Amino acid sequence: MSLLFAAALYLQTAQGSDPMRLPIGTEVSVQPGSLVDLRLQQPADVDDIARAADGKSWVFLGENHATAPHQQLEADILAALVKRHRRVIVGLEMITRPKQPILDLWSQDKLSEPNFLQQVDWKGQWGYDYAFYRPLLEVVRKNHLPLLGLNVPRDWVRAVGKGGFEALSAEQRSQLPGDMSLENADHRALFTSLMGGHPMTGPTGDNIYSAQVLWDEGMADTAIKYLATHKHDAKTVFVVVAGSGHSMYGQGINYRVLRRTSERGVTVEMAQAEGPTTVSRGVGDFFYLTATVGK
């Protein structure tokens, strides 16, 4: 579960900082229930997203966790990409790297759902009700799509949050990129906004920010290493499914992928609101707004 971003989104709501309206690009008003192409400022559908991904190797889906319309949109996007004869690989924030053998069995349709949930430790790995993610994972199983657990072990993130990168062992660091840059000012500004708009300074603030960089860089690294060791071609597209804070404004996992591969993808951001919401066009290529549950 993305505890850091859950806390961050609570803080920005409570204190009035709105990460969806950072001064990056002009603004667009979006109605709940609408999927919008922010580049063209017009309504869109999943086929438009799949077409926008033609010739691109990456699609980044930034969801609100456990929000049924968001996970259904993700499933529909996967199906639309398959329909366009793309060779789709799916990477999940929800699962950590050590569970990869279980994800392989799911992709090969060699596990029943109950056995999958038990062996992958869904409750321990993620915690949200599996029912939200069933549509997405059924598309994976039906089409035998490669499925990756992108996340580094969560104790690594906790350790860095307390003691910086130095808190990782030499063996742990050997499994990560040598350069996990902290110098992206735009990402630091987004992180500050997500944390309520108040910069976190000093060693404590630096460590918490380092944990966020580890989180994003680790997931990008998992995906990049997979492509480096598996056959792929122009038809291949890697779809990253993660919380919205990991891809907004192209500053999260997508930034780390761009920095290391020079490849840009398509970013779809998702959010909830009680009514019409104004968002920056810079937040992503497409934006999906759903009504707040219970409102």
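User: Is tryptophan 126 buried or exposed?
Analyst: Buried means under 20% relative accessible area, exposed over 50%, and partly exposed in between, with a 1.4 Å probe and protein chains only. The relative accessibility of tryptophan 126 is 2%, so this residue counts as buried.

User: What source and numbering do these values rest on?
Analyst: Residues are numbered from 1 along each chain as its sequence is written, and side-chain values use heavy atoms, with hydrogens and water left out. Local features need pLDDT of at least 70, side-chain atom pairs count only at pLDDT 80 or more, and totals for chains, interfaces and linings use all residues, since this is a predicted model.

User: What kind of aromatic pair do tryptophan 126 and tyrosine 128 form?
Analyst: Rings of Phe, Tyr and Trp (its six-membered ring) pair if their centres lie within 6.5 Å; planes under 30 degrees apart count as stacked, over 60 as edge-to-face and the rest as tilted. By this rule there are 9 aromatic pairs. For tryptophan 126 and tyrosine 128, the centres are 5.4 Å apart and the planes make 65°, so the pair is edge-to-face.

User: Which residues do ring pairs link into a cluster?
Analyst: Tyrosine 128 counts as partly exposed, at 22% relative accessibility. The cluster linked by ring pairs consists of Trp106, Phe116, Trp122, Trp126, Tyr128, Tyr130 and Tyr133.

User: Which residues touch the most other members of the largest nonpolar core?
Analyst: A nonpolar core is a set of buried Ala, Val, Leu, Ile, Met, Phe, Trp, Tyr and Cys residues joined through side-chain atoms within 4.5 Å. The largest one has 44 residues, and those touching the most other members are Val90, Leu92 and Phe116. A second, separate core of 17 residues includes Phe60, Leu148, Ile224 and Ala242.

User: Which residues is phenylalanine 116 in contact with, leaving aside neighbours within four places in sequence?
Analyst: Contact means heavy atoms within 4.5 Å. With those neighbours left aside, the partners of phenylalanine 116 are Ile102, Leu103, Trp106, Leu111, Tyr130 and Leu137.

User: How many residues of strand S7 are buried?
Analyst: Helices (H or I, at least four residues) and strands (E, at least two) are DSSP runs, numbered from the N terminus. Strand S7 covers residues 236-243 and is largely enclosed by the rest of the structure, because its buried residues number 8 of the 8.

User: Which residue in S7 is the bridge partner of valine 90?
Analyst: Two strands pair if DSSP finds at least two bridges between them. Strand S5 (residues 87-96) runs parallel to S7, with 6 bridges. Strand S4 (residues 58-63) is also joined to S7 by 6 bridges in parallel, and there phenylalanine 60 stands opposite valine 240. In S7, valine 90 has as its partner valine 239.
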